Amino acid sequence: MEQGRRQLLLGTIICKKCDRIIAEQDTEKVIVYYVECNKRDCKEQAVAEREVQYIEA
């Protein structure tokens with residue numbers, strides 16, 4: 001029998017800028033959460049996108 005069984009985590013948290021898997025979450029169904037990670041490049045890209053949206057509005 002297997003002794004070191006790992007729990008299956010169905011939720012995945014992914015950075016919406018760099019597509020890096022940030023974490024896995026225990027959920028009842030398969031689900032993907034998109035957030036911005038703390039990497040410098042991702043933060044700078046998010047700020048630039050917000051500035052463009054503000055100018056276009």
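Predicted model: local features only at pLDDT ≥ 70, side-chain atom pairs only at ≥ 80, totals over all residues.
Local features need pLDDT of at least 70 and side-chain atom pairs count only at pLDDT 80 or more, while totals for chains, interfaces and linings use all residues. Residues are numbered from 1 along each chain as its sequence is written, and side-chain values use heavy atoms, with hydrogens and water left out.

**View 1. Salt bridge between Glu49 and Lys17.** A salt bridge is a side-chain nitrogen of Lys or Arg within 4 Å of a carboxyl oxygen of Asp or Glu; two are counted by this rule. In the pair Glu49 and Lys17, the closest N and O atoms are 2.4 Å apart. The pair links distant parts of the chain, 32 residues apart: Glu49 belongs to helix 1 (residues 40–56), and Lys17 to the loop between strand 1 (11–15) and strand 2. Helices (H or I, at least four residues) and strands (E, at least two) are DSSP runs, numbered from the N terminus. Lys17 is buried at 19% relative accessible area, whereas Glu49 is partly exposed at 33%. Buried means under 20% relative accessible area, exposed over 50%, and partly exposed in between (1.4 Å probe, protein chains only).

**View 2. Salt bridge between Glu44 and Arg40.** The N to O distance is 2.9 Å. Both residues lie in helix 1, four residues apart, about one turn of the helix. Glu44 is partly exposed, with 43% relative accessibility; Arg40 has 64% and is exposed.

**View 3. Val30 in the loop between strand 2 (21–25) and strand 3 (31–35).** Val30 counts as exposed because its relative accessibility is 67%. Thr12 is 18 residues from Val30 in sequence, with a C-alpha to C-alpha distance of 8.1 Å.
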